[in-house]
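Me: I would like to go through this structure with you, piece by piece. Could we start once it is on the screen?

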Amino acid sequence: MSVPDLLARLLTRPGALEALQHRDTAALERELGAEPADVAAIAALDPDAVRFYLRTLQRKRFEMIEAVFPGSLPLAREAFGSDRLADAFWRWFQPDESVAADEVLGRIAQAWTQFAGTVDPDRPWLADLSRYELLRWRAVLEAVPSGPARPVYSGDRLVPAPGAGMAVFAVDIALLARTAMAGEPVATAGTHRLIVWFDPDAGLRVVRLGPSAYAAAEGCDGRRTIAQVAHMVAGDRKPAAGQVVDVLARLAAAGALRVS
Amino acid sequence: MFATLGVGLGYRPEMHDPIMKSAGEIDWLEIVAESFLPLTPRRRDLLTELTARFVCVPHCTELSVGSTGPVDGRLVEQVAELADLVDAPWVSDHFCFTTAGGVRLGHLAPVQWTHATADRMAENARSIRTRVGRPFLLENIAYTFVIPGELSESDFIAIVLEQSECHLLLDVANVHANATNLGFDAAEAIDRFPLDRLVQMHVAGGTWEDGVLADSHDAPVSPAVWDLVRQVAGRTGIPAVLLERDAAFPEDFAEIVADLRTARTAAVAA
């Protein structure tokens with residue numbers, strides 16, 4: 001087994017570091033799953049220096065996932081301190097060595113989403129915020145570039161733009177922005193509907209829709225025409241049908257819907 | 001021969017506006033390669049904006065040149081594309097590994113200074129240099145522990161650079177931190193580095209954490225580090241000097257400008 005492999009194991013297996021701390025070579029061999037000859041270089045390391053490096057490593061890991069969780073991670077860090085949070089998170093999340101390197105960040109991101117819900121029972125909003133952030137991240141990863149927005153004409157069919165997704169969340173993004181991001185618990189958890197899509201020029205876009213607008217967007221299945229969608233939502237009420245067409249036109253102009 | 005780039009600054013989005021406003025004080029920018037990969041339209045737009053004003057040099061952190069296996073070919077391809085896009089004079093990474101046993105550590109880890117490691121690292125560095133089609137520099141890292149091996153750090157670095165035909169990115173702040181934490185003389189250590197292969201230098205400030213001088217890039221450069229810059233400048237020309245600031249960004253950019261100006265005078269103090 002190579003020294004880098006052994007060092008990676010030392011840094012991801014608390015038992016191995018404990019064994020190093022106590023100069024228990026037999027336990028170190030067992031924890032690292034290595035032969036005595038392989039372990040010699042690792043057994044000679046200064047455990048305090050390795051622990052310091054590990055703390056740096058944990059902070060760097062957090063810096064990586066902060067790109068995924070720009071809200072919940074800094075808030076948790078502020079509340080608990082970097083080192084304490086890093087230690088707790090890494091004890092909670094033990095990376096699986098069989099995970100491909102490319103997938104590690106994704107695994108950590110998922111783990112953080114779950115961890116944020118357990119980190120402090122007094123801060124349940126951290127979990128809500130992290131779930132929303134994970135969704136944003138996935139939307140970016142799974143995004144497919146959409147074509148340019150075109151004018152909407154009555155009678156044409158509308159479909160969600162490639163990369164667009166609609167979902168119902170038990171959180172209010174605007175409310176989160178005002179309260180959770182400021183460190184306050186979310187006062188009420190409503191059911192607000194979001195449409196999420198990736199705009200290659202503007203990046204991830206998230207729009208919160210009212211029930212009627214959401215129904216209109218949901219009605220765009222690639223088969224119904226705009227007029228049919230408007231009728232489905234507004235019935236025979238012409239002013240309301242006009243509003244539905246206007247909403248669809250704005251979504252199309254923003255790149256969330258496409259005319260087929 | 002390498003172009004003389006002068007004094008540059010590590011690009012960080014948090015400092016975007018003051019960097020653009022202070023272009024007269026900054027000769028070139030070093031960009032963290034992985035922060036721009038993959039090359040999305042938005043990232044391309046940002047690079048277009050930066051390259052319109054500055055020479056941009058990609059600095060990698062994830063190529064894991066010191067891994068036991070071959071480097072990640074897909075990442076190397078992306079780095080090559082980035083280097084082509086910004087027409088980089090060179091590309092760099094570190095004397096370290098970041099991926100081992102299928103785990104991405106997320107931080108630079110020290111390699112064992114042995115002939116076997118040097119041979120393998122030189123092979124990886126050479127393959128990167130060949131694929132990127134530009135000079136490839138390797139940087140000495142900060143470390144808090146050393147894995148015992150039969151070579152000294154400077155001998156190890158010299159062997160890798162010679163075998164791979166790559167060049168040196170000397171981080172004097174890392175040497176200073178290592179010397180402080182592990183108890184050796186930084187000036188003597190630098191004298192043993194293969195300065196004939198020096199192309200670029202890093203300077204940065206660090207802070208003390210639990211009795212350890214951390215290479216945290218979050219403070220002004222210390223006088224001891226400036227002395228090391230002058231020492232190197234007295235021995236050889238330094239085509240490019242770069243100030244790294246990654247955290248605790250000052251409200252007043254004048255603090256950064258002051259370090260840039262000191263670098264400009266120290267780097268030519270023969």
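**Working through the two chains**

Reply: I108(A) is a residue of helix α8 of chain A, which covers residues 101-116. Please keep in mind that this is a predicted model.

Me: Is I108(A) buried or exposed?

Reply: I108(A) counts as buried, because its relative accessibility is 1%, and the cut-off for buried is under 20%.

Me: How far is I108(A) from F62(A)?

Reply: Their C-alpha atoms are separated by 9.5 Å, and the two residues are 46 residues apart along the chain.

Me: And P36(A), where does that sit?

Reply: P36(A) belongs to helix α4 of chain A, residues 36-43. With a relative accessible area of 48%, P36(A) is partly exposed.

Me: What separates P36(A) from Q243(A), in sequence and in space?

Reply: In sequence they are 207 residues apart, and from C-alpha to C-alpha they are 75 Å apart in space.

Me: Let us step back to chain A as a whole. How many helices and strands does chain A have?

Reply: Chain A has 13 helices and 5 strands. It consists of 260 residues, of which 46% count as buried.

Me: What about the accessible surface of chain A?

Reply: It comes to about 12,400 Å², and carbon and sulfur atoms account for 52% of that area.

Me: Which share of the contacts in chain A with a separation of 6 or more comes from residues 24 or more positions apart?

Reply: Such pairs account for 60% of those contacts.

Me: What is in the contact between α2(B) and α3(B)?

Reply: α2(B) contributes R44(B), L47(B) and T51(B), while α3(B) contributes E81(B), L82(B), L85(B) and V86(B). This contact of α2(B) with α3(B) divides into 4 nonpolar, 1 polar and 2 charged residues.

Me: Staying in chain B, where is E139(B)?

Reply: E139(B) is in strand β7 of chain B, residues 136-139. E139(B) counts as buried, at 2% relative accessibility.

Me: What does E139(B) touch?

Reply: Leaving aside residues up to four places away in sequence, E139(B) touches H59(B), D93(B), H94(B), F95(B), L169(B), D171(B), N174(B) and H202(B). With H59(B) there is a polar contact of 3.1 Å between the side chains.

Me: How far is E139(B) from H217(B)?

Reply: Their C-alpha atoms are separated by 15 Å, and the residues lie 78 residues apart along the chain.

Me: Which helix holds S164(B), and what does it touch?

Reply: S164(B) lies in helix α5 of chain B, residues 153-164. S164(B) is buried, with a relative accessible area of 0%. Beyond residues up to four places away in sequence, S164(B) touches A122(B), A125(B), R126(B) and R129(B).

Me: Last topic, backbone angles. What is phi for S64(B) and for D210(B)?

Reply: Phi of S64(B) is near 50°, a positive value in a residue other than glycine. Phi of D210(B) is likewise near 50° and positive, again in a residue other than glycine. Most residues other than glycine have a negative phi.

Me: Where are these two, and are they buried or exposed?

Reply: S64(B) is in the loop between β3 (55-59) and α3 of chain B, and at 4% relative accessibility S64(B) counts as buried. D210(B) is in the loop between β10 (207-209) and β11 (212-214) of chain B, and D210(B) is exposed, with a relative accessible area of 60%.

Technical notes. Residues are numbered from 1 along each chain as its sequence is written. Chains are lettered from A and ligands numbered from 1 in the order in which they are written. This is a predicted model: local features need pLDDT of at least 70, side-chain atom pairs count only at pLDDT 80 or more; totals for chains, interfaces and linings use all residues. Side-chain values use heavy atoms; hydrogens and water are left out. Contact means heavy atoms within 4.5 Å. Helices (H or I, at least four residues) and strands (E, at least two) are DSSP runs, numbered from the N terminus. Ala, Val, Leu, Ile, Met, Phe, Trp, Tyr, Cys and Pro count as nonpolar, Asp, Glu, Lys and Arg as charged, and the others, Gly among them, as polar. Buried means under 20% relative accessible area, exposed over 50%, partly exposed in between (1.4 Å probe, protein chains only). A polar contact is a pair of N or O atoms within 3.5 Å; within protein, one must be able to donate a hydrogen and the other to accept it, and residues adjacent in sequence count only if both atoms are side-chain atoms. Accessible areas come from the Shrake-Rupley method with a 1.4 Å probe; for residues, only the protein chains shown count as cover.
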